[in-house]
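Hi,

Here is the structure I said I would pass on. Have a look at it first, and then read my notes below.

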Amino acid sequence: MKPEVEKLVFTEYESDGNFISFMAESPFGTYYIDYDKTEKTYSSYCQYAEIGLDKTLIKAINRVNDFHRANVLSCLSWQE
């Protein structure tokens, strides 16, 4: 059975002109989502990868959580 991976919790940490930024921290690094008010898109990334581009915050958070879960599980080994 695969272990459960805790979901990330994002908080707004910066609002600057055309952008609103959100951040979540984990033992594997910090994840970011930037909302572009002009383009009306959410861009997600971390220090070592661009994760994706979405139209809603919920989709961006889900995409980052999936990315984070894959990172955690790739570092672990388990028996099924």
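What follows is a short tour of what turned up.

One thing to keep in mind: this is a predicted model.

Let's start with the hairpin. Strand β1 (residues 11–16) and strand β2 (residues 19–26) run antiparallel, and five bridges join them. Between the two strands there are two residues, and glycine 17 in that turn has a positive phi of about 55 degrees.

Phenylalanine 22 is worth a click of its own. Leaving aside residues up to four places away in sequence, its contacts include Phe10, Thr11, Tyr31, Ile33, Tyr42 and Leu57. Phe22 also belongs to the largest nonpolar core, which has 13 residues. Leu8, Phe10, Phe22, Tyr31, Ile33, Tyr42 and Val64 are the ones with the most contacts inside that core. As for where the core comes from, β2, β3, β4 (41–46) and α1 each give two or more residues to it.

Now the aromatics. The count comes to five aromatic pairs. In one of them, tyrosine 31 and phenylalanine 67 have ring centres 6.4 Å apart and planes at 80 degrees; planes over 60 degrees apart count as edge-to-face, so this pair is edge-to-face. The pair also links distant parts of the chain: tyrosine 31 sits in strand β3 (residues 29–36) and phenylalanine 67 in helix α1 (residues 57–75), 36 residues apart. Are these two residues buried or exposed? Tyrosine 31 is buried, because its relative accessible area is 0%, while phenylalanine 67 counts as partly exposed at 23%. Elsewhere, Tyr13, Tyr32 and Tyr45 make up one aromatic cluster.

Last, the charges. How many salt bridges does a search of the whole structure find? The search finds one. Side chains of opposite charge can pair when their charged atoms come close. Here the partners are arginine 63 and aspartate 54, with the closest N and O atoms 2.9 Å apart.

If you open the model now, I would go to the hairpin, then the core, then the aromatic rings, and finish with the salt bridge.

Cheers

Conventions: Residues numbered from 1 in each chain as written. Predicted model: local features only at pLDDT ≥ 70, side-chain atom pairs only at ≥ 80, totals over all residues. Heavy atoms only, no water. Pairing = 2+ DSSP bridges. Helix = DSSP H or I, 4+ residues; strand = E, 2+ residues; numbered from the N terminus. Phe/Tyr/Trp six-rings, centres within 6.5 Å; stacked < 30°, edge-to-face > 60°. Buried < 20%, exposed > 50% of the residue type's maximum accessible area, 1.4 Å probe, protein only. Core = buried A, V, L, I, M, F, W, Y, C linked by side-chain atoms within 4.5 Å. Contact = heavy atoms within 4.5 Å. Salt bridge = Lys/Arg side-chain N within 4 Å of Asp/Glu carboxyl O.
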